[in-house]
Amino acid sequence: WLCSFYTDARALRIFGLLYLLTGFGWLLAHPRAHGGAGDVPMIPVMVAVLLLGMNVWGLYEFLGLARRRAWALVAGTVATGVGLALWLEFVPGSALAVYGVMAAAFAYCAWLATHAARQEGNVGHLYVALAFATYPVLFLLYLALPESMAGFEMGYYAAVPAMIVGMMLLAVSLIRARQRTETELAQRIAAEESLRHLNLTLEERIGARTRALHDLVAGLESFN
């Protein structure tokens with residue numbers, strides 16, 4: 001169950017674009033550029049939702065799920081954006097829902113990678129899953145230890161697993177490429193061996209038919 005070279009390449013391009021857009025988002029949609037220290041501005045939140053959607057899209061592409069789940073991903077991203085906009089409308093100073101959505105998205109990606117490890121034969125997907133799981137763990141600590149985690153900027157730490165995931169996906173794509181090469185080589189060797197065996201049996205059958213024909217001709221000549 002190996003995804004193709006093209007799905008790997010598309011996924012890596014998506015993550016490369018994701019990192020580029022994250023850099024632009026950091027420059028143009030930084031929370032402090034749109035509000036004070038205690039504010040949760042709408043524009044950075046919507047940018048974060050779009051980047052999360054791209055993150056899931058890249059993983060879908062990498063696991064060969066993009067075509068089957070494209071519309072679900074679009075609908076989920078839009079619904080998440082609307083839900084967070086309503087949350088900020090009624091609870092304008094709280095970023096808890098934003099952090100929760102980010103943790104849920106990364107947890108979902110970790111589950112997808114774990115599921116792929118069981119189906120594909122772990123080629124490194126568990127490392128991808130662990131990278132995604134770091135943010136949900138931080139979020140649980142944020143909820144469990146509010147005093148100790150006071151002032152902890154959860155939004156910024158989403159960049160850490162995202163960067164690790166990019167490196168892990170590159171490593172996994174190289175492992176996949178090696179396995180595909182080994183599989184193709186084994187198939188080619190098996191095909192050549194089958195062809196060699198077919199040639200040997202064909203030569204034996206031709207020799208047997210030739211000998212039978214010689215015997216028949218010799219019999220006819222002796223009869224005459």
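Asparagine 55, which lies in helix α2, is in contact (heavy atoms within 4.5 Å) with Phe15, Leu18, Phe106, Cys109 and Phe132, when neighbours within four places in sequence are left aside. At 4% relative accessibility, asparagine 55 counts as buried, the class being defined as under 20% relative accessible area, with exposed over 50% and partly exposed in between (1.4 Å probe, protein chains only). The model is a predicted one, in which local features need pLDDT of at least 70 and side-chain atom pairs count only at pLDDT 80 or more, while totals for chains, interfaces and linings use all residues. Residues are numbered from 1 along each chain as its sequence is written, and side-chain values use heavy atoms, with hydrogens and water left out.

The protein chain holds 6 helices and 0 strands, helices (H or I, at least four residues) and strands (E, at least two) being DSSP runs numbered from the N terminus. Buried residues make up 33% of the 224 residues in the chain, and among contacts with a separation of 6 or more, 73% join residues 24 or more positions apart. Helix α2, with 21 residues, reaches 31 Å from its first C-alpha to its last, close to the 30 Å expected at 1.5 Å a residue, where the expected span is 1.5 Å times one less than the number of residues. For the 25 residues of α4, the end C-alpha atoms are 36 Å apart, in agreement with the 36 Å that the helix should span.

Beyond its neighbours within four places in sequence, tyrosine 135 is in contact with Tyr99, Met102, Ala103, Phe106, Met154, Gly155, Tyr157, Ala158 and Pro161. Phenylalanine 139, found in helix α5, is buried with a relative accessible area of 11%. Not counting residues up to four places away in sequence, phenylalanine 139 touches Leu96, Tyr99, Gly100, Ala103 and Met154; from tyrosine 99 it is 40 residues apart in sequence and 7.2 Å apart in space, C-alpha to C-alpha.

The second largest pocket contains about 240 Å³ of space. Pockets were located on a 1 Å grid over the protein atoms alone, a pocket being an open set of points where a 1.4 Å probe fits, with protein on both sides within 12 Å along at least five of seven lines, and lining residues having an atom within 4 Å of a point; grid points are joined across faces, edges and corners, and the volume is the space filled by probe spheres set on the points. The lining comprises 14 residues, of which Val56, Gly76, Thr77, Thr80 and Ala105 lie nearest the centre of the pocket, and the elements giving two or more residues to it are α2, α3 and α4. By class, the lining has 10 nonpolar, 4 polar and no charged residues, where Ala, Val, Leu, Ile, Met, Phe, Trp, Tyr, Cys and Pro count as nonpolar, Asp, Glu, Lys and Arg as charged, and the others, Gly among them, as polar. Threonine 77, placed in helix α3, touches Val49 and Gly53, residues up to four places away in sequence not being counted.
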